[in-house]
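The following account leads the reader through a single protein chain, moving from one element to the next.

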Amino acid sequence: MSELHAERKLLCFLDRTGGPEIGGWAVDFDRPAESLKMRVTIDGTIEDVVTCDLHRDDSHLVNLQNSQIGFSYRIPERYWDGVRHGLRFYSLDGACLPISSRSGGAVQEYSFVLEKPVRLMAMVDGLVDGLIQGWALRVDDEVGTKIGGVRVLVVHDGQPIAELLADQFRGDVAGAIGCDAACGFAFAPPPELRRRERVMLNFFALPDREELSGSPLEITYPGDTTRDKIETLIKRTDELFIFAYHLKKELKAAMPRERYLLADYPRWALESRLLALPRAKARYGAANMSGVLVSVICPVYRPALGDFLAAVDSVRAQTHENWELLLIDDAGGDATLAGIMKDLAGQDKRITVLTRKKNGGIARATNDGLKAAKGEFVAFFDHDDLLEPTALEIMLLAHAATGAKLLYSDEDKVDRSGALSEPHFKPDFNNRFLLDINYICHLILVDAEVLRAAGGLDPDLDGAQDHDLLLRMTERLAPEQIHHVSEILYHWRKTASSTAGAGTAAKPAAAQAGARAVAAYLERRGLPAKVVPRGNLTCYRVDWNFPPAKMKKIGVSILIPYRDHIEMTQECVNAIRTHTKGVNYEILLLDNWSTTPEAARFAAAQGNIEGTRLLRIAEPFNYSRINNIGAREAKFDFVLFMNNDVFVHDPGWLRRMLDEMLADESVGAVGAKLLYPDGTVQHAGVVLGVGGVADHAFRGLRGDAPGYMAHAITAQEVSAVTAASMLVRKAAFNAVGGFDEHELMVAFNDVDLCVKLRQAGHRIIFMPDSVAEHRESVSRGDDFDHSKLARFMFENEVMRQRHEAILPKDPYYNCNFSRDGGVYLELRLRKLGED
């Protein structure tokens, strides 16, 4: 920026340095009567705006009559870390000020190193999922803080090989010792080290080079001979069975490879953001949208000045230049900020400032902007967030290609240093998910006519005003008019007081407002329900409340196949009878050729219980055929497929699944949340394409944990659910031909059924509040027993060939996640033309 302002006569003189408080004077000699306003940047991040309006007795030394040229600035404590930092001053419009001092000369940057007495708490955990992971904290006993962000030096053979920043999310550490959760680090050794069989690494905290607990760490990698054997096996497996799912997965796990876990997001983002616009043009085409005016509406209320200026700069940097930025000053009472907004509007005619006389909140301020907006499209923007430079251009290209009237993008979070973290990779439009949480959030680009027809924002719902507006807008649009742009185009600012920085519990009033917004939406649709927040989260549970008269006419047939394992099957049906409330049901026990005396006595006893029937199917095990036979015999319109190793405990488990069917006639199947006996997740929905055909989401996660962006605790539309506990609409099941009993006798028959239901226009819902215990595969053994491996691999190949176009493109699983590893664990760097 300084080269653009070479003619300006600006000067800054520092005469108080060396500590956290610096000061001096600064002058714009072209405007000597005005007190200069300066941007303060540290390491390239705008930190503040300082006004040089303090009296200086020595102003006569520069021949100025105006003595109000002094300033004082305190360096923020986050930079007191023993590391060198660079501070620069700029005029408000971006001209760099030369800095002079008593030591003579003029420089563009003032360097400083400040330290605060702290102690280190740190640990190298070891090799976890192919990466070396650990955590590190600076503990200030005086003020009682434990803060991450420690720099960690990695050393091999006495030579540094990497420097890491311990700022990744570690909820386990935070929960254990009560500290900042952003304290983790992960490290993938470079290829030249991974080629060695044994590697010894040391980990030190900087600047004092204090060694972390768990260091040094020795790692063993397979040698060249082992690598060659693995490669050969992988190739042969591909030749014999293109989709040797688990075998290939295990072999590849032994091979070091370039990976991007969620913890590697900053590294991934550096590469991915460069490809965003070329990817968009490859996907959407390169339509000329330069004539489309976009109104960017930005309510402003007491932001940090540096953050606000960075936000405005990000709008001014848009590659789509036909925009107007409406800054609505919501009576913040900050004269400096008001002056800055006025100056910005004077410098760029595309910026308009609207001033409210009385503070009205974000909804009223935004509505003022809507009234003044002239654009064909409207984008909402917070006063301290950042847009990617290509954000508006990419959104408009997507509109041109799809005709969508409401578009939203992926987003992440940005801190004061500009570091990116916590990416939110969203699903395609998911109405059921939107009831439980405002997953759309930022960036939104909406047709102005649609927006005005929806009526603007509701001031009574401040805190959830955007969620309410989205619900009202989506009511007016067909699903194909709502489009998800799978690129990170919006950076949500993390601050101590923001929802982005402190989590959704930072603003508990927003949770109550969101519950009211969802309840109002359901009332408009004529759906009886109670909506309650999940704790203080801006995340909700919808408890449907259909009238008893309606429920009396409805029933569920529960189908339970079994072969022997009588004690377990008895426990399964006893739990159903003990705990199931509020639903008419029958139990159909499908005896697949049991042969023990205990089985005969069990069948006789169960046949004498009201509401229970037995069907004996004396055939070799074929899960699909057994359940198809049972479905034909079911007397009710809803059929629940249930394994005999599933055990219910909650009285409302079945009613919640059935309610999802009754709330929307297009729902074809509903799946429950299943937990292993240790309380961790076995099933929380199925994601297509992961590992080849499909995989369960959040396997191994703690049962009550929210999972990635609350996906594990919210009701939502998914592509498939497991038939271990799956409720289906019998008419829909019959219409698509039921389970495939010819080629998918054991594995993937439930995934195949869900795909067929979706192709027929039905929706699949994951219901997290219907929870049961699943002792997986006890009754039929392990799919990966040597005698069954060939059959399993054949069924993989059947699914691959049958649904090759669908499996890699699960609309509810973001295309930026890898399909090679586990669900919501690993990212992929998409190439041009890949979605």
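Predicted model: local features only at pLDDT ≥ 70, side-chain atom pairs only at ≥ 80, totals over all residues.

**An enclosed strand and its surroundings**

Strand E30, residues 482-493, is largely enclosed by the rest of the structure, because 12 of its 12 residues are buried. Strand E27, residues 406-414, pairs with E30 in the parallel sense, over 9 bridges. Strand E26, residues 386-387, runs antiparallel to E30 and is joined to it by 2 bridges. In general, strands of a sheet pair through backbone hydrogen bonds, either parallel or antiparallel.

Among the helices, H14 covers residues 508-524. Its 17 residues should span 24 Å at 1.5 Å a residue, and the C-alpha atoms at its ends are 25 Å apart, so the two values agree. The buried residues of H14 are Ala510, Ala511, Ala513, Gly514, Ala515, Ala517, Val518, Tyr521 and Leu522. After H14 comes Gly526, which has a positive phi, near 75 degrees.

Asp330 lies in the loop between strand E23 (323-329) and helix H7 (335-347). Its relative accessibility is 3%, below the 20% cut-off, and therefore Asp330 counts as buried. The side chain of Asp330 makes a polar contact of 3.1 Å with the side chain of Arg356. When neighbours within four places in sequence are left aside, the residues in contact with Asp330 are Val300, Tyr301, Arg356, Lys358, Asn359, Gly360, Gly361, Ile362 and Ala365.

The cysteines may be considered next. A disulfide is a covalent bond between the sulfur atoms of two cysteines. The structure holds 0 disulfides. For Cys539, which is in no disulfide, the nearest cysteine sulfur is that of Cys441, 13 Å away. Cys539 is buried, with a relative accessible area of 2%. Cys754 is likewise in no disulfide, and the nearest cysteine sulfur, belonging to Cys572, is 20 Å away. Cys754 is also buried, its relative accessible area being 0%.

The chain as a whole gives the setting for these elements. The protein chain contains 22 helices and 45 strands. For 835 residues, a compact globule would have a radius of gyration near 28 Å, and the 31 Å of the protein chain agrees with this. The C-alpha trace spans about 110 × 65 × 55 Å along its principal axes. Of the 835 residues, 56% count as buried. Among contacts in the protein chain with a separation of 6 or more, 71% are between residues 24 or more positions apart.

Note on methods:
Residues numbered from 1 in each chain as written. Heavy atoms only, no water. Helix = DSSP H or I, 4+ residues; strand = E, 2+ residues; numbered from the N terminus. Expected span 1.5 Å × (residues − 1). Buried < 20%, exposed > 50% of the residue type's maximum accessible area, 1.4 Å probe, protein only. Polar contact = N/O pair within 3.5 Å; in protein donor to acceptor, adjacent residues only side chain to side chain. Contact = heavy atoms within 4.5 Å. Disulfide = S-S within 2.5 Å. Rg over C-alpha atoms; globule rule 2.2 N^0.38 Å. Pairing = 2+ DSSP bridges.
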